[in-house]
Amino acid sequence: MLSYIVRRVIGSLIVLLLITAIAFALAYLVPSDPARMIAGVHASAATLAEIRHKLGLDKPVPVQYVDYLGRLLRGNLGTSFIYDRPVVSLLKDKFLATLPLALAAWLAELLIGIPLGIYTARRARRSADYLVSALALVGLSMPVFWLGLILLYWFGFKLPIFPLGGHTGFMSLVLPSLTIGIVGAAYYLRLLKSSMLEVMGNDYIRTARAKGAGERRVVWRHVVPNAVIPVITYAGIDIGILMGGLIMTEYTFNWNGIGALMYEALQQSDIPVIMGTVLLAAVLVVLFNLVVDVLYVFLDPRIRCD
Amino acid sequence: MAHAAAGPPKPLSGRLWKSMRKFPMLYLGGGIILLLSVTAIFAPWIAHYPYATQFRHGLTASGTPLPPGGRFVWGTDDLGRDVYSRVIYGSRVSMVVGVFSTLISLVIGTTLGLVSGYFGGFPDMVIMRLTDAVLAFPYFLFAMALVAVLGPSERNVLLAIGVIGWGVMARVVRGQVLAVKEFEYVQAEKAIGASTFRILFSVILPNILGPVIVLAAIAVGTNMVMEAGLSFLGIGVQEPVPSWGNMISAGLQAFQYAPWLFLIPGLALTLAVLGFNLFGDGLRDILDPRNASR
């Protein structure tokens with residue numbers, strides 16, 4: 001069990017190292033003049049020269065990468081040239097503003113997706129299943145920023161139940177989190193449904209039924225616990241998809257968090273902010289996956305005995 | 001075939017109808033894709049006007065867009081341009097970016113997956129760790145960062161989406177190769193001295209194509225949404241060229257007084273993506289009957 005966890009941690013560290021290599025390549029190797037990318041379009045020649053020297057852009061590439069890693073380890077993601085502030089402190093501020101929205105959106109995904117997944121699996125091949133599955137496929141095909149606009153138009157403007165944007169307490173949280181929640185729920189629904197159908201075909205389910213277990217007991221005691229593993233795996237990956245949705249949704253709903261910061265950075269090519277955000281998201285994905293892998297040890301006895 | 005001997009062969013239309021009833025998703029999706037392709041190819045003939053023409057009579061007296069109906073069937077936008085024509089032309093961007101970015105991912109992912117699965121050992125380890133790293137980056141954010149560095153344009157959006165979207169394909173191809181490479185027909189080719197290149201691309205590849213095509217079909221839809229998302233954020237296709245994404249973005253500015261500006265391109269995009277998702281799902285059901293109930 002311990003060796004499993006150690007293996008996972010080492011694997012994650014290797015992936016983290018590769019992630020920083022990709023981020024480094026994006027920021028320093030792809031652009032023709034990284035210093036200008038980092039300093040912005042209006043930087044003076046003296047500033048550029050100073051940045052080149054400070055970042056060691058005149059050194060060989062491997063040395064540059066090691067320097068870059070050193071800066072990352074010291075928590076230095078560079079300086080935003082729009083705000084003229086360290087990217088790390090910017091991200092920290094905006095992250096706190098995004099957190100309630102992200103949590104609400106994630107909760108909405110689970111609260112819509114999981115019950116519907118169980119429901120359609122139990123009613124497989126009946127009209128209710130076909131209807132919900134068709135709706136899920138439409139939800140899956142809908143761009144999240146379009147759904148946001150539709151909700152905003154109908155429930156913010158036509159029927160002014162919710163505010164048109166900004167963050168003013170609970171009410172302003174409803175529409176943006178539903179926007180992300182509805183699109184995201186479709187994945188959970190499909191995943192849980194197909195996983196449950198697979199489990200239901202197993203012999204031990206037939207045995208449980210043969211022993212006279214009621215339908216409710218079969219589903220909740222035998223099917224759901226065995227079918228939930230891929231859903232948990234997906235929840236670990238979902239954090240990254242959630243962040244993509246947040247950027248567009250925050251823009252639509254005027255929510256002043258990480259998404260809004262990213263939008264602004266994109267408009268003005270504030271590369272340090274963009275790279276910092278992407279790197280943060282990737283690191284979060286790796287960490288979440290690691291947590292999920294470790295959780296498996298407690299959820300799945302097969303891994304414990306391995 | 002056994003049942004063909006029982007009577008005269010059914011007419012083609014009858015067989016098609018039967019097949020359509022058996023695989024409704026595949027045909028519905030295929031129909032939408034066909035409609036979309038025709039629209040994109042023949043856009044200049046289907047559209048009523050050029051996409052960038054700003055009509056003097058395309059705005060109300062107070063300068064707001066015209067609602068759908070009359071000379072401009074789907075209304076006009078803030079600059080007095082015909083929304084219908086722009087939506088029709090917008091299909092071109094979606095199709096080109098969706099299809100070609102998927103092809104790029106397909107080439108990279110399939111090659112890496114084949115090499116990784118077939119050779120195993122060190123190349124496998126390196127490729128799979130790289131795949132893990134690429135997959136750890138949230139797809140959309142990664143594309144955003146790449147476009148931000150390359151500069152906003154349709155070509156760069158296409159490249160960015162294509163270059164980073166191969167992770168899942170590489171994994172699936174590798175898994176398939178591992179299953180297939182021990183089969184006798186592969187071993188037989190090896191025994192008669194076929195080159196590695198031949199074994200990989202003309203023996204193994206055709207036998208694992210099914211799941212890869214399913215992934216590719218769904219990827220086209222996903223990539224269309226990505227392009228639209230990037231254009232929505234202003235770093236994709238640039239005005240005056242219409243993309244459904246930049247049209248929805250313009251609709252956001254006017255959503256209170258001209259809702260058709262975001263509704264119509266969004267509907268077109270959803271329908272297009274739905275087409276590819278239906279097609280992919282339908283194909284998967286045929287290839288893997290265990291999933292047929294999905």
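Biologist: What share of the accessible surface of chain A belongs to carbon and sulfur atoms?
Modeller: This is a predicted model, in which local features need pLDDT of at least 70 and side-chain atom pairs pLDDT 80 or more, while totals for chains, interfaces and linings use all residues. Residues are numbered from 1 along each chain as written, chains are lettered from A and ligands numbered from 1 in written order, and side-chain values use heavy atoms, without hydrogens and water. Chain A has an accessible surface (Shrake-Rupley, 1.4 Å probe) of about 14900 Å². The carbon and sulfur share is 67%.

Biologist: How much of chain A is buried?
Modeller: The C-alpha trace of chain A spans about 80 × 60 × 30 Å along its principal axes, and the chain has 306 residues. The buried fraction (under 20% relative accessible area) is 50%.

Biologist: Which helix of chain B holds F232(B), and is the residue buried or exposed?
Modeller: The helix (a DSSP run of H or I, at least four residues) is helix 10 of chain B, residues 196–232. F232(B) has a relative accessible area of 0%, so F232(B) is buried.

Biologist: Which residues of chain A does F232(B) touch?
Modeller: Contact requires heavy atoms within 4.5 Å, and residues up to four places away in sequence are not counted. In chain B, F232(B) touches G245(B), N246(B), I248(B), S249(B) and L252(B). In chain A, the partners are F145(A), M248(A), Y251(A) and T252(A).

Biologist: What distance separates the C-alpha atoms of F232(B) and G251(B)?
Modeller: F232(B) and G251(B) are 19 residues apart along the chain. Their C-alpha atoms are separated by 9.9 Å.

Note on methods:
Helix = DSSP H or I, 4+ residues; strand = E, 2+ residues; numbered from the N terminus. Buried < 20%, exposed > 50% of the residue type's maximum accessible area, 1.4 Å probe, protein only.
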